[in-house]
Amino acid sequence: MEVVVAAGIGVLTASGVYLMLRPRTFQVIIGLSLLSYAVNLFIFGMGRLRTGAPPILDPGGTGDLARYADPLPQALVLTAIVISFAMTALFLVLLLAARGLTGTDHVDGREPGP
Amino acid sequence: MSWTDHLIMLPVVVPLVAGGLALLVDDARVKAALGIASTAIVLAAAIGVLRLVDGAGAGGPAIGVYLLGNWPAPFGIVLVADRLAAVMLVLTAVLAGAALTFALARWHRAGSHFHSLFQFQVMGINGAFLTGDLFNLFVFFEVLLAASYGLALHGSGVARIRAGLHYVTVNLAASFLFLIGVSLMYGVTGTLNMADLAVRIPRLAGGDRVLLEVGAAVLGLAFLVKAAMWPLNFWLAGTYAAASPPVAALFAILTKVGVYAVLRLALLLSGGDAPPAGLLAGEWLLVGGVVTVAVGAIGAIASQTMTRLAAFNVLVSSGTTLAVIGRADPVVVGGALFYLVSSTLGIAAFFLLVELLERGRTPADDMLAVTLEAFGEADRDEVDAEDVGVAVPVTMGLLGAGFVCCAMLLAGLPPLSGFLAKFAILSALFDVRAPGAGTRVPATAWLLLATLLLSGFAILIAMMRAGVRSLWLTADREVPRVRLTELAPIALLLGLSFTLTAQAGPVMRYMQATAEGLYAPDAYVRGVLAAPPAAPGEGGGR
């Protein structure tokens, strides 16, 4: 399982970085989204990967660390998802404004000279 | 518990509430009143916190700890105010007050929701200075960045959108680095509380230690993007030059948030010694800071407009602070903190002043000035005799005086505080009588000496040229219409730097105590971890 998750994070990060370095704003926003998925998975992985272990205690049961997943990274991921979601939305608005005002979708706001 | 214990929370909560309320009301005057009231309360609270932590006297660094949610420290969220946080809070509140007053003259009408964004920005900055755990540092960074995206675009226009696109992309990428660093550190230590991290890190060994250092390095990269260290600073000049002036004045503190985070974490997590390699290593800061100063100084000389000149001054200030921190010596760091405060005040004043000077100027004036410089001054001798005794309007006189003060402050000329700050740094660098210092002055001291003096010289040249071009060459220019509320904030900021000069003794004592506190983090760690939760029912039930 670790190999699959690690490979997934690696592929997402690589694609994200590649796209972020591309000259068109749409490619950049897709790249940033992919990067945010990769980072979220990474945070999740830092809580150690467990199968079938809930992050919350059973009602009435006493805590047994061996049977539960670490809840903190999951809370962190939730926060990170919300923040990156909002930032992506903001970037989208900016992208559209830049397209409207400069008439091009190049990240520099003008087409590279001949 | 007394009400003063709640002071620490006010700089975060008050702007949050005021910003939220400002969203709900429609009347521009009510919004402005909310903004002013909130900023005034934050300033008062910041000064209160400063007095609180400094009031403990010489008996070690005093800290104030506020347990949000009343859970004991490693488990709950804490706000921690020590001397460094307190002085940054006061600086932020002063800048916010000046920028807001300036904006009220006209800039706050240039776009929607200026006051809300402004308050959220202040909240994010204050929160980043106060927070005691890494993840909340991330959250507050995001709050201040989200607000700064809005503020950087305030007023819209092609230049701002173009610069904003780069600014947002770079900072989003830096946020991802931040998250990776934080989660790596959590993965190996199992805690996010900074004080708890400081306790647990020495116990790590082997592979965990390597992972932790990788995490710290990635985290350091994220901070250095904010602090604008070369080569992570190409986003800065364009964004700051394009932002509306009051916003740019407030942004003068943003790079210092990055510097603050580096300073706090590097010293806390490495146990007060010189940071070991990988954990925000000192030599890298020194070299990177010096290169940043060089880039800033060259950029300042090459600037064609005064806004870009001001933006490159930010780089010089940030780079100098980083380089001096990289020297890792408490006495020198004390001088660096003095420099940080002084240069931030100067840059903010300069951003505001530039807008007044540029007002009423056309781009043709700049072109003319550049052309005159490049192709000689063919008809400068034909000045009419009547022009010699021409009266200078009061406004221009005031603006000119302000410009001279800014130039002296930023270039580090006596008698203003910029000079004292550089002098404090240099005298500490070359103090061979200090305990532990050898008879030979190390090479890094000479490097820093050259950096400080040459950058001051470069800034002086750039400022003089800009001043001549703007104030003298265009003699027949229209006198800008300037309101008193626009001159007052500049006078306040420059007046504060005069005060720093006059009160240099007490201020330097405070900065030295701050630096010594940073290099002895045990008191911080113990203070946070031992903070007792309030008993139920006490203090009106938190």
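Author: We can start with one residue and what surrounds it. B:A531 touches B:V65, B:L67 and B:A73, leaving aside residues up to four places away in sequence. Keep in mind that this is a predicted model.

Reader: How far apart are B:A531 and B:L67 in sequence and in space?

Author: In sequence, 464 residues separate B:A531 and B:L67, while their C-alpha atoms are 7.9 Å apart in space.

Reader: Does B:A531 count as buried or exposed?

Author: A residue is called buried if 20 or more other C-beta atoms lie within 10 Å of its own. B:A531 counts as buried because it has 20 C-beta neighbours inside 10 Å.

Reader: Where along chain B does B:A531 lie?

Author: B:A531 belongs to the segment after helix 22 (522-529) of chain B.

Reader: Which residues of helix 22 of chain B are buried?

Author: First the general idea. An α-helix has 3.6 residues a turn, so residues three or four places apart point the same way. Now the case here: B:Y524, B:V525, B:G527 and B:V528 are buried in helix 22 of chain B. These residues lie on the same side of helix 22 of chain B, because they cover an arc of only 165° around the axis.

Reader: What covers the buried residues of helix 22 of chain B?

Author: The cover includes strand 1 (64-68), strand 2 (77-81), helix 7 (194-200) and helix 11 (254-269) of chain B.

Reader: In which sense do strand 1 and strand 2 of chain B pair?

Author: The two strands pair in the antiparallel sense, over five bridges. As an example of residues facing each other, B:G64 stands opposite B:A81 in strand 2 of chain B. Strand 2 of chain B is largely enclosed by the rest of the structure, because four of its five residues are buried.

Reader: How many helices and strands does chain B have?

Author: Chain B has 22 helices and two strands. Of its 542 residues, 56% count as buried. Among contacts in chain B between residues at least 6 apart in sequence, 80% join residues at least 24 apart.

Reader: Which residues have the most contacts inside the largest nonpolar core?

Author: They are B:L95, B:A348 and B:L353, in a core of 225 residues. Helix 14 (residues 330-358) of chain B gives the most to this core, with 20 residues. To follow one of those residues, look at B:L353: beyond four places in sequence, B:L353 touches B:L399, B:G402, B:F403, B:C406 and B:I490.

Reader: Now chain A. What is its secondary structure?

Author: Chain A has three helices and zero strands, so its elements run α-α-α from the N terminus on. For its overall form, compare the radius of gyration with that of a compact globule. A compact globule of 114 residues would have a radius near 13 Å, but chain A has 19 Å. The C-alpha trace of chain A spans about 70 × 30 × 15 Å along its principal axes. Of the 114 residues of chain A, 27% count as buried.

Reader: How many residues of chain A are in contact with chain B?

Author: The size of an interface is often given as the accessible area lost when the parts come together. Here we count residues instead: 26 residues of chain A are in contact with 21 residues of chain B. On the chain A side, helix 2 (25-46) and helix 3 (71-102) are the elements that give two or more residues. Helix 3 of chain A supplies the largest share, 14 residues. By type, the residues on this side of chain A divide into 21 nonpolar, five polar and no charged.

Note on methods: Residues are numbered from 1 along each chain as its sequence is written. Chains are lettered from A and ligands numbered from 1 in the order in which they are written. This is a predicted model: local features need pLDDT of at least 70, side-chain atom pairs count only at pLDDT 80 or more; totals for chains, interfaces and linings use all residues. A nonpolar core is a set of buried Ala, Val, Leu, Ile, Met, Phe, Trp, Tyr and Cys residues joined through C-beta atoms within 7 Å. A residue is buried if 20 or more other C-beta atoms lie within 10 Å of its own, exposed if 12 or fewer, and partly exposed in between; C-beta atoms are placed from the backbone. Two residues are in contact if their C-beta atoms, placed from the backbone, lie within 7 Å. Ala, Val, Leu, Ile, Met, Phe, Trp, Tyr, Cys and Pro count as nonpolar, Asp, Glu, Lys and Arg as charged, and the others, Gly among them, as polar. The arc is that of the directions from the helix axis to the C-beta atoms. The radius of gyration is taken over C-alpha atoms; the globule rule is 2.2 Å times the number of residues to the power 0.38. Two strands pair if DSSP finds at least two bridges between them.
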